[in-house]
Structures are given as C-alpha cells and as structure tokens.
Amino acid sequence: MTCNNPRKLEIERLIANDLEISQAKELSEHIEQCQECSSYAQNLQKQAREFSNEYSYEEFAKKNILVKESSFLIKIFETIFTPVMTPIYAALLLAAVIIPFTIKELEWNGNQAIAFKGKSQISYILNRDGVVEAGTPGKLYQAGDRIQVLYSSNKKQFMALLSVDKNHTISFYHPDQSSEYCSVPVEIGSSRAFPGSILLDEAKGYEIVVALFSNKPLQTSLVQDWMNSCKGLGKVCIERKVRDKLPDGVSSGSIIVLQKE
Amino acid sequence: MIKISRETDLELKNYYKKYGSLVYWRCVRYLGSKDDAWDATQEVFMKLGKSLGSIQKKEAIYSWLLSTSTNHCISELRKRRTIEFDELYHTDEFRPNESQDQKTAIRELISKLLSAHDQKIRQVVAYTYIDGYKQDEIAKLMGIGESTVRKYLTKFRRQALKTAHELEKTV
C-alpha cells in the first residue's frame with residue numbers, strides 16, 4: 001500500500017508518545033500497512049537512537065544547566081507538606097481550634113463545679129435551716145449552711161474532699177480524721193453523695209471546695225503541701241493548681257466556689 | 001547556563017528524552033550542519049527550561065519546541081545567508097526525484113524569501129516546504145484555521161514569484 005497523504009507530524013507525535021491511545025492505535029495499524037509511513041517512522045526511530053547515543057541529557061545539562069538546591073527550610077517544608085499529609089494536618093488544625101471551644105469551663109456560680117481533667121465531677125445540695133435545695137448560681141452562703149457534695153464517677157476510684165477559705169484554712173472531709181489518707185473509695189455512678197457534709201463557719205469571704213479523684217488513696221500531707229503552695233495567693237491560684245498541676249497520682253480535680261455573705 | 005530547580009530539571013530531562021531527537025534532526029534539515037544543529041538544540045532546550053513555568057498546557061510542549069526551533073533556525077539562516085548541505089543526513093524520502101543540488105537551491109531560495117515576511121508566515125512556509133507537514137497539521141500546530149494557512153502560503157508564493165521576476169531582470 002502507498003500512502004497518498006503521509007502525515008509526518010502525526011508520526012513524529014507517535015514516536016514521542018504524544019498521541020491519545022485510540023489515535024496511536026489507528027496510526028500504528030496504518031503504518032503496518034503503509035510502506036512510506038513505515039519507512040518514515042523507522043527512520044525517526046533510528047535517528048532517536050543515534051541522537052541519544054551521541055547527545056545524552058547529562059552532556060547537555062553539564063554544559064547548560066545549574067540546578068538550584070533548595071534551602072534547608074524549603075527542604076523541610078517540602079518534606080512536611082506533601083499532598084499525602086494534607087488531610088492529617090487539616091484534621092489537626094480542626095482539633096486545635098475546636099477542642100478548646102468544646103471544653104466547657106463552668107462559671108463559679110454555686111451549683112456548678114469546674115472539672116479540670118478527667119470525667120469525674122461534683123455538684124452539691126444546700127441545707128439551710130432544714131430546707132434542702134440545689135445549689136444555685138450567685139447565691140450567697142452563710143455560716144451554718146450545710147453543703148452536701150454529690151459526685152459522679154465512671155469508675156471505682158478514690159476521692160478526697162477538702163475546702164479552703166479566704167484565710168487559707170484547709171479542712172479535709174474524711175470519715176476517719178486520724179487517717180493518714182484523705183481519700184475515700186467511691187463507686188461508679190452519678191450524683192452520689194459523698195460520705196460527710198461541709199458545715200460553713202463564720203469566716204468571711206469564700207469557701208473553695210476541692211475534690212480530687214485518684215486510683216489510690218492520697219496522703220493528707222501530700223495534698224496539704226500541694227494546697228499550701230497557694231497560701232496567700234487567693235482563689236485564682238487554687239483554680240490554676242487544680243487545672244494545671246494536680247498532685248502526683250490524681251487523675252482529675254473539681255472545684256466549687258461558695259461565696260459567703 | 002541557566003539556573004533551574006531540581007523539579008524543573010527533572011521535567012526538562014523528560015522532555016529532552018521525548019523530543020530532543022525530533023528537534024535536533026529538524027535543526028539539521030534547516031541548518032545543514034550537525035554541529036550547528038546541536039548548538040541550536042541546546043539553545044532551544046535552555047529556552048524551554050526557562051519557560052516551563054509559564055507554559056500552561058503540557059501537551060503544547062512539542063508545538064512550542066517546533067515554533068521556537070523554527071524561529072531560531074530561520075534567524076540563524078538569515079545571519080548566515082547560505083546553507084551547507086551534508087549528504088550524511090538526507091531525510092527527504094517524499095521527494096526522491098530531486099537531486100541534492102536542487103534541494104540545496106530550494107532551501108537557499110526559501111531562506112532568502114522568508115526574510116520578507118513576518119514570523120507566522122515564515123513558520124507556515126517552513127513547516128510546509130522544509131518539514132513537509134500537511135496544512136491541517138500546520139493549522140492544528142499553530143492554533144489557526146486551515147484557510148489562514150492557505151492564505152499565508154498564497155501570500156508567500158505571490159511574493160516569491162515577484163522576487164523571482166525581479167531577480168530575472170537583474171540577470
């Protein structure tokens with residue numbers, strides 16, 4: 001077969017693997033049957049072999065190309081920010097933004113407690129002159145008020161309950177006042193009553209109730225030393241302590257601030 | 001020498017391997033010398049290395065190379081005004097009846113005639129008479145209509161005829 005219309009440009013593209021698969025197939029089939037096109041294609045392939053033997057890219061690059069090395073920072077950037085890592089970084093960014101907003105920091109308004117770290121937390125009931133009511137935000141408390149602390153725990157563990165007033169007088173609420181430990185065992189459940197209640201005294205200002213949850217009983221001296229680091233520094237220090245620096249062995253902490261008349 | 005990033009170097013290497021031979025051998029056809037063709041090929045690929053970032057469609061790389069190598073070779077020819085024809089790389093299988101001298105004369109005449117026209121006409125003429133591409137191939141390559149290709153060729157032929165008449169008068 002002789003070709004009346006040899007298409008040199010298309011054959012060149014075929015040799016360079018530039019054609020779509022269907023085009024390449026059609027042209028290859030034609031070339032098989034056409035002497036002139038076949039001859040042209042074979043010549044191109046022969047020329048390609050000659051060229052690559054004589055003029056390699058390495059030879060061209062040695063004379064003409066200077067490759068810019070990326071700076072150290074750019075190399076690190078390129079290593080860290082590969083397309084594969086993008087979903088992971090997106091997830092981390094979302095977590096960094098969303099998580100702080102999802103941690104609810106409850107106001108010190110009475111019946112709500114602030115739980116720092118972990119899931120155990122406390123609430124309370126007020127008994128004033130025989131009248132029992134749930135602790136309410138903004139309520140002012142008086143000497144003689146009895147506070148029953150309720151706790152919620154998702155596992156069997158130990159709970160220490162203490163209070164600190166404006167004068168930094170620390171009171172531990174433990175059935176056995178002679179015990180070297182200030183923690184009592186607690187059961188799984190919600191709104192369970194802590195054994196023992198808090199009786200508010202005449203001291204003015206505030207009473208901060210602190211609950212500490214741990215897997216093992218806590219030594220009273222350990223908790224006392226920990227709390228004494230805030231002596232003279234007020235309730236902000238105590239809040240920060242419970243939030244950021246719990247004693248060794250404590251898995252979670254909660255506080256309630258009772259403002260007195 | 002050009003300074004390029006590692007990524008561009010890899011890309012350029014890929015295009016060199018794909019198209020280097022095609023560009024080189026057409027430069028041989030235009031310039032008539034292997035050494036000149038190798039110089040031209042290097043120039044063209046260095047320009048490609050500098051331009052890769054700005055070429056939007058990667059499937060248009062071969063068109064870009066054809067256009068750039070054509071312009072470069074014609075520019076070299078205009079500087080030189082003569083063509084040397086080396087028998088070693090005779091490639092014109094589709095016009096087997098012409099002698100070497102005839103082919104040389106044709107190329108010389110084309111080179112002289114091309115200087116009278118703008119870049120687009122020069123490209124169309126070069127693709128037609130030196131590369132032997134078909135009109136529809138040229139149209140697709142240059143992104144113009146086939147009628148425009150024919151119009152450019154007609155304009156070239158008229159000018160060529162006029163030049164030929166003028167040359168006759170001076171002989």
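Biologist: Where do I start: is B:Tyr24 buried or exposed?

Modeller: B:Tyr24 is buried, at 1% relative accessible area. Buried means under 20%, exposed over 50%, and partly exposed in between (1.4 Å probe, protein chains only). B:Trp25 is buried too, at 7%. This is a predicted model, where local features need pLDDT of at least 70, side-chain atom pairs count only at pLDDT 80 or more, and totals for chains, interfaces and linings use all residues; side-chain values use heavy atoms, leaving out hydrogens and water. Residues are numbered from 1 along each chain as its sequence is written, with chains lettered from A and ligands numbered from 1 in the order in which they are written.

Biologist: Which residues have the most contacts inside the largest nonpolar core?

Modeller: A nonpolar core is a set of buried Ala, Val, Leu, Ile, Met, Phe, Trp, Tyr and Cys residues joined through side-chain atoms within 4.5 Å. Here the largest has 65 residues, and A:Phe60, B:Leu12, B:Tyr19, B:Phe45 and B:Leu48 have the most contacts inside it. A second, separate core has 22 residues, including A:Cys182 and A:Val223.
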